[in-house]
Amino acid sequence: MSVIAREGNVVTITPGQDLVSSMVPEFKRELGTVLAESPAQLRLDLSGTGMMDSIGIGVIIATHNSMKKNGAALVIANASENIIKLFKSMRLDQHLTLDS
């Protein structure tokens with residue numbers, strides 16, 4: 001279960017584990033609850049997330065698109081060097097806001 005923190009109109013969600021297919025259904029439910037609140041900014045804190053598969057990346061892209069459609073922002077924070085390399089190799093760094 002993710003840790004969810006709220007500060008004003010910013011929600012931070014920290015999965016604390018790898019974003020892989022076996023954990024994505026629960027994470028998607030948690031994200032759905034958070035997105036229903038319509039935060040101005042959603043911070044996805046990836047500290048504690050060592051790897052991500054295509055399903056996890058798909059969830060991040062879908063979340064980014066939902067936030068953007070609603071005039072809000074998704075910020076990826078504390079991503080590991082390997083995850084940042086993955087985002088860069090897929091050119092996602094050109095679309096996502098990465099905050100170390």
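Arg6 is partly exposed because its relative accessibility is 47%, where buried means under 20% relative accessible area, exposed over 50% and partly exposed in between (1.4 Å probe, protein chains only). This is a predicted model, in which local features need pLDDT of at least 70, side-chain atom pairs count only at pLDDT 80 or more, and totals for chains, interfaces and linings use all residues. Residues are numbered from 1 along each chain as its sequence is written, and side-chain values use heavy atoms, with hydrogens and water left out.

Three salt bridges are present, each a side-chain nitrogen of Lys or Arg within 4 Å of a carboxyl oxygen of Asp or Glu.

| Pair | N to O distance |
|---|---|
| Glu37 and Arg6 | 2.6 Å |
| Asp99 and Arg43 | 3.1 Å |
| Lys85 and Glu81 | 3.6 Å |

The pair Glu37 and Arg6 forms a salt bridge that links distant parts of the chain, 31 residues apart: Glu37 lies in the loop between α1 (24–36) and β3 (41–45), and Arg6 in strand β1. Helices (H or I, at least four residues) and strands (E, at least two) are DSSP runs, numbered from the N terminus. Glu37 is partly exposed at 36% relative accessibility.

Asp99 and Arg43 form a salt bridge between strands β5 and β3, 56 residues apart. Asp99 is partly exposed at 34%, as is Arg43 at 22%.

Lys85 and Glu81 both lie in helix α3 (residues 81–89), four residues apart. Glu81 is exposed, with a relative accessible area of 58%.

Five strands form an open, mixed sheet in the order β1-β2-β3-β4-β5; two strands pair if DSSP finds at least two bridges between them. Its edge strands are β1 (3–7) and β5 (97–99).
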